[in-house]
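Q: Could we go through the charged side-chain contacts in this model? Please keep the answers plain.

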Amino acid sequence: MFSFRYEKLFGRLSDYNLCVTDAMKEDLWVNCNIKAVTLYDRPASYFKETPLELQHQLYLKLAKDYEPFKPHTESVSWNAERSAFTERDEKSGDVIKSRGRPALLISSTSWTEDEDFSVLLKALEDYEQYVNEGVKLPALVCVITGKGPLKEYYNGLIKKLHFKHIQICTPWLEAEDYPVLLGSADLGVCLHKSSSGLDLPMKVVDMFGCCLPVCAIYFECLHELVKHNENGLIFRDSHELAEQLKMLFLGFPTLEGKLQLFRKNLRASKQLSWDESWDHTVLPLLSQTE
């Protein structure tokens with residue numbers, strides 16, 4: 001309560017205030033009579049699409065410790081350099097994507113009660129059922145990165161699942177590997193719900209920096225970041241997420257369809273960098289005070 005009064009008082013006395021969403025801007029004005037300017041979070045410069053050669057190197061590295069990254073079939077050549085997703089052409093030396101490769105689904109979490117990963121697990125169960133019913137969908141590798149208090153609880157739930165077409169792994173990645181994996185994935189999933197309803201998930205900001213389309217669970221101001229049917233999809237429950245996964249991965253890895261459209265839109269959006277956003281939004285304010 002003291003901190004609220006403190007911020008309310010000095011927020012009114014300040015020359016300028018910054019906030020991270022228009023929803024927060026409105027809340028500050030309505031509830032505190034504080035004027036603020038919205039400065040959206042931006043991804044760091046190293047969040048970008050990953051070249052195929054670098055993807056291949058990361059997959060080979062992760063295959064040493066995580067089964068889903070290992071090639072699923074034996075190669076006719078004993079010295080072939082292969083992962084579940086990529087292989088090096090022995091004639092040209094170029095890295096190519098493996099035929100019949102699985103789709104790579106990624107999410108990140110701090111494994112707290114703020115994110116209910118049973119929603120994703122139930123959606124994956126539905127996805128498995130779609131495949132069993134004959135829907136032409138790819139196998140999935142679902143990577144959930146991060147550390148946190150509920151990780152072992154969810155790992156216990158994952159071990160009870162017996163999928164034939166889905167593999168799940170929960171690695172703790174080195175800091176430099178995380179943006180590379182984001183830039184290599186086919187689809188991101190976000191289960192973060194803002195407790196205040198006034199801020200946006202940084203993990204989605206980073207995914208968009210990598211031009212990675214996202215399925216994100218609904219909350220009040222999410223539309224300020226995720227534009228439904230433009231750069232991703234918004235879902236409210238596991239059934240809706242499962243339907244979205246089916247729709248996006250139908251015919252994978254086709255170069256047409258919603259998944260590729262979302263990625264194309266993200267590439268075309270040319271998001272401002274942190275420096276550019278600061279110069280565009282904050283620098284003019286500071287110039288007024290001189």
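**Salt bridges**

A: Glu67 and Lys70 form a salt bridge, with their closest N and O atoms 3.4 Å apart. A salt bridge here is a side-chain nitrogen of Lys or Arg within 4 Å of a carboxyl oxygen of Asp or Glu. The model is predicted: local features need pLDDT of at least 70, side-chain atom pairs count only at pLDDT 80 or more, and totals for chains, interfaces and linings use all residues. Residues are numbered from 1 along each chain as its sequence is written, and side-chain values use heavy atoms, with hydrogens and water left out.

Q: Why do such side chains pair at all?
A: Side chains of opposite charge can pair when their charged atoms come close.

Q: How many salt bridges does the structure hold?
A: The structure holds 11 salt bridges.

Q: Back to Glu67: what is its relative accessible area?
A: Glu67 has a relative accessible area of 48% and is partly exposed; Lys70, at 31%, is also partly exposed. Buried means under 20% relative accessible area, exposed over 50%, and partly exposed in between (1.4 Å probe, protein chains only).

Q: Which side chain meets Glu81 in a salt bridge?
A: That of Arg88, at 2.8 Å from N to O. Glu81 is partly exposed at 31% relative accessibility, and Arg88 is partly exposed at 25%.

Q: Now helix H8: how many residues apart are Lys246 and Glu243?
A: They are 3 residues apart in helix H8 (residues 238-249), so about one helical turn separates them. Helices are DSSP runs (H or I, at least four residues), numbered from the N terminus. The side chains of Lys246 and Glu243 meet in a salt bridge at 3.6 Å, N to O.

Q: Which residues are linked with Glu49 in a network?
A: Arg263 and Arg267 are linked with Glu49 in a network of salt bridges.

Methods
Helix = DSSP H or I, 4+ residues; strand = E, 2+ residues; numbered from the N terminus.
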